[in-house]
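Here are my notes on this model. Please read them with the structure open.

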Amino acid sequence: MQQITASGIYARRLPELGFCVIELQDVSYGYGHGSDLILSQMSLRLAKGSFHFLTGPSGAGKTTFLKLCYGELCPNAGHVRLMGQDSATMARDDLALARQRIGVVHQDCQFLDHLDVAQNIALPLYVSGREITEAERRNLTQLVNWVDLRHRATALPPELSGGERQRAALARAIIRDPDVILADEPTGNVDWDMAMRQLRLLVELNRLGKAVLVATHDLAFIRAAKKQVAARVLRIVGGKLQLAGADL
Amino acid sequence: MSFLVNIIAALIGDAASDRVVPSAGTSARLTVFASAAMAFLAVFALALSLAAGRVAARWSEDLARNSTIRIAAPMAEIEAEVATVLTVLAQTPGVVSAREVSMEEQRALLEPWFGAGMPIEFLPLPRIIDVTESPEGYDVEGLRLRLSAEAPNAILDDHETWRSALIAAAGRLRVMGYVALALIFGATVAMVTLAAQAALSANVQVIRVLRLVGARDAYIAGAFVRRFALRSLIGGGIGTFSGGVAILLFPDQASAESFVVGLGFVGAEWLWLLIIPLLIAFVAFQATKAAAFRVLRGMP
Ligand SMILES: Nc1ncnc2c1ncn2[C@@H]1O[C@H](COP(=O)(O)OP(=O)(O)OP(=O)(O)O)[C@@H](O)[C@H]1O
Ligand SMILES: [Mg+2]
């Protein structure tokens, strides 16, 4: 297996630590009109260089929380600010630009089934609307190798295993050197070794100044991470956001 | 001509953005066909309008400078009346020349109806005097009054009734041609919109993913717009070419005075054929763009 480090891939940008990329302020959310709130009165600042885990039982609202963080959903009450702009009122093009700086690993991956794996990983580069540079092409190759998908690069997404899909989704989330990485169960289908490699990558990206938020059930994964990085662990309980203590 | 620049820029685009949207399949092929059919029809509607306009112009010019006087009198008086009429005409201001239509010319005029060799000398035919007016014309009512006094069997026909009816008909026909053109373009808008909407709704999930990875609306719309505008341009080109060939193959136009046979393009009018496919593509471009932005507005 080829050893490539994240810092090798993204040595270009210097972190501006502390800059708040995503901010939730007293956010409440419920699907549909008049239905119960799934999330209520949640506040969180994702600053550059921060590392968060988000846990909670299945159906607690982790995915919903992340959707609020990249503007797919808008809160019923409170404000979500993406790169300083309110997600409910920002222009559609500004939202697109903000999303180009947010790398998301979706729980259901969200691939385009008519494009092969490599093209799916390169999608954030394509949609920038400009020519892909030689450096970006090299990054793409390295990243495909790094997530161990070189032999599957020309396969179509429906032909991938669950773990392969998640690895490809992680590669797509970071291909464009985002400021924030939001990962929804990135290790749900991968083995422990691969999970640890993903963790090392996330930690390294975090050291380069990126804000990282990982939603996961996997407590062992969180424990392993806490040995490498100063991560805060958040928990959604009864629609409230809590800071988990040492009971983990 | 800024729409030309728009279309050209949109057609060039970048190959990658075309790949991110799956090929539109049937709806794209139907767009080529529908655009070709519409362009073909547009060529005919345009030819109709232009020909009707030409006919109206010719009638109002030619006939305006010409009138006839018909004298149907008993044989005994006819020579005297012809002479009187010619004298009166010679004294009328606004008449450039007056000339009796000879028996030979009358024979030529009647030949299509009676066949050659008809002894028309023995028919009680009226005598016809051909009057050429100056551009300002003469006083029609004055001449009519004078003739009724001096040559009661002479009837002045200044073609006014005919002319105004024919010009009105040609004008109406031209308007109908333009209305047909407008309807054709309206139908093109409707068809392209339906095809684009079908393609867009088949790709809602693709559009959603593209939004999620940070594609701007213009980028996503562009991929669809390019596709449909290009198909319409190709279809429009094929249809216009076929329409142009069909018009060229119409029976000989130079000798034909009649309107139907005069259907066709003259000189610079052929340049319209270059514009029809571009207009069709432009209409498709706008229709797809509108449809795409409607769909996109409903997505986060
Ligand atoms: N589009 C939707 N419409 C209505 N209800 C929804 C929708 N999406 C999710 N829900 C509901 O909202 C709640 C929270 O869902 P969410 O996906 O955020 O949970 P989660 O914490 O991510 O769960 P898991 O750990 O299983 O992924 C669930 O009860 C779910 O059924
Ligand atoms: Mg979830």
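1. In which sense do strand 6 and strand 7 of chain A pair, and over how many bridges? Strand 6 of chain A and strand 7 (residues 180–184) of chain A run parallel, and 4 bridges link them. To find the pair, look for A:Val104, which stands opposite A:Leu182 in strand 7 of chain A. Keep in mind that this is a predicted model.

2. Now take in the whole sheet of chain A. It is open and has 6 strands, in the order 6-7-8-3-9-10. The pairing is mixed. Strand 6 (102–105) and strand 10 (240–243) of chain A are the edge strands, so each pairs on one side only. From one strand to the next, the twist averages 20°.

3. Chain B has an open sheet of 4 strands, in the order 2-3-1-4. Here the pairing is antiparallel. Neighbouring strands are turned by 20° against each other on average, direction ignored.

4. Look inside that sheet. Strand 1 (residues 66–71) of chain B and strand 3 (residues 127–133) of chain B are joined by 6 bridges and run antiparallel. B:Asn66 stands opposite B:Thr132 in strand 3 of chain B.

5. Next, the interface. How many residues of each chain are in contact with the other? Chain A gives 22 residues and chain B gives 22 residues. Together the chains bury about 2100 Å², with 55% of it on carbon and sulfur atoms. On the chain A side, A:Arg92, A:Arg99 and A:Val127 supply 31% of the area that chain A buries against chain B, more than any other three residues.

6. Polar links cross this interface as well. There are 3 salt bridges between chain A and chain B. A:Arg92 forms a salt bridge with B:Asp217; their closest N and O atoms are 2.5 Å apart. The polar contacts between the chains come to 12 residue pairs.

7. Which elements of chain A give two or more residues to the side that touches chain B? They are helix 3 (92–100) and helix 5 (123–126) of chain A. Helix 3 of chain A gives the largest share, 6 residues. By class, this side of chain A has 10 nonpolar, 7 polar and 5 charged residues.

Technical notes. Residues numbered from 1 in each chain as written. Chains lettered and ligands numbered in written order. Predicted model: local features only at pLDDT ≥ 70, side-chain atom pairs only at ≥ 80, totals over all residues. Heavy atoms only, no water. Contact = heavy atoms within 4.5 Å. Buried area = accessible area lost by both parts, 1.4 Å probe. Salt bridge = Lys/Arg side-chain N within 4 Å of Asp/Glu carboxyl O. Polar contact = N/O pair within 3.5 Å; in protein donor to acceptor, adjacent residues only side chain to side chain. Nonpolar A, V, L, I, M, F, W, Y, C, P; charged D, E, K, R; others polar. Pairing = 2+ DSSP bridges. Axes fitted to C-alpha atoms, helices over the stretch in contact; angles between N-to-C directions.
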